[in-house]
Amino acid sequence: MAKRDYYEILGVSKNASKDEIKSSYRKLAKKYHPDNKETGDEAKFKEVQEAYDILFDDQKRSAYDQFGHAAFEQTGGGPAGGNPFSGFGGFSGEDINLGDIFSSFFGGGARSARRQTGPAKGEDILMRLRVDFMDAVNGKDEDISFDFDDDCPHCHGSGADSLDDIKTCTTCGGRGSVTRQQRSLFGTVNAEVVCPDCGGRGKIISKKCSVCGGSGHKRVKKTTKIHIPVGINNGQQIRLAGMGGAGVNGGPHGDLYVEINIKEHPYFKRERNDIHLEVPLDFVDAILGCKIEVPTVYGDMVVTVPEGTQPGQVLRLKGQGIKDLRSGKPGDQYIHLDIKGPSSLNKKQKEALNAYKDASKEEDSLFSKFKKKFKK
């Protein structure tokens, strides 16, 4: 049976951010988990897990977008065709804690409590950047500004006014969790829960930082340079490591993902890596043939229009399209000829066309040939 599309399984678009993928996964995993007596479905749960495993990992997602399910097929117990993305298992990217998702079933858990005591990476952030069409074609370095939670200059991220103000929590003894009896589907059980006094940190701050109020961070306006690579397409993202949300308990910052939105060009139309351009042409030039100077994304280029060119004919300029983001191989440019006749003629033009008509046999006209078909 053919596998379903991973984006369809998670109910997200192909341009979905990692936050959207994670959110959809959490909802579906909770819905289909086998321990959910009402809507549990083991097959669908595994299907949702597999889709998340691929789409949340940037490298695997890129391979899937390019090759589909074939990128992860295996033969003989090994990756098909030597594909480096085949045969990966487990969680990808950021490991989602199923204990958190199903806390409503089991009343929390030791693993959930332990995870909150250590350093945790901050949230990834998505921002959108609108760029000109030609900047996406040729690449460009551009400065972007965004809000950033930098480490407080006074407490250096600790949240305490001084190191002496950081004490070990006496309630949990620095563990960040305590044991409590809770009721669950299996009866009364002992469970590790987050310490109510230190919030899982294992430390108590007796005096908060006077500069940041104990948050450990200070919101600043940050400006950094971003490189827009040659050939980037609409909706693709650029990752800036460590430029996202602030970490928890001394953990690193998350990442900033910049989604590129490309402005439309008034004449050039992009289709994958190919460029399409409509060019008007006088009917006489189409009949007799000519040379015209045609715009491309790299400058003007002389093109030969063959004698007897017909309306709607398309000319191909090989290698004059957009360079592929990964391979650097350019696409092509296609010239769509819009052949036009005059709406009015002067005396000499009429004489010339009448001379052409007189030199032609009436039975050779296109209309005469058309009418003969109905007399057979």
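Four strands, arranged in the order β12-β13-β17-β16, make up an open sheet with mixed pairing, where two strands count as paired if DSSP finds at least two bridges between them, and where strands (E, at least two residues) and helices (H or I, at least four residues) are DSSP runs numbered from the N terminus. The edge strands, each of which pairs on one side only, are β12 (269-271) and β16 (314-317). From one strand to the next the twist averages 30°, with axes taken as lines fitted to C-alpha atoms (for helices, over the stretch in contact) and angles running from 0 to 180 degrees between N-to-C directions. The model is a predicted one, in which local features need pLDDT of at least 70 and side-chain atom pairs count only at pLDDT 80 or more, whereas totals for chains, interfaces and linings use all residues. Residues are numbered from 1 along each chain as its sequence is written, and side-chain values use heavy atoms, with hydrogens and water left out.

Helix α3 (residues 42-55) comprises 14 residues and reaches 20 Å from its first C-alpha to its last, close to the 20 Å expected at 1.5 Å a residue, the expected span being 1.5 Å times one less than the number of residues. At its N-terminal end α3 is capped by D41, a side-chain oxygen of which lies 3.2 Å from the backbone nitrogen of A43. The buried residues of α3 (under 20% relative accessible area, against over 50% for exposed and in between for partly exposed, with a 1.4 Å probe and protein chains only) are F45, V48, Q49, A51, Y52, D53, I54 and L55.

Residue Q181 is located in strand β6 (residues 177-184) and is exposed, with a relative accessible area of 63%. The C-alpha atoms of Q181 and V193, which are 12 residues apart along the chain, are separated by 9.6 Å.

Conventions:
A polar contact is a pair of N or O atoms within 3.5 Å; within protein, one must be able to donate a hydrogen and the other to accept it, and residues adjacent in sequence count only if both atoms are side-chain atoms.
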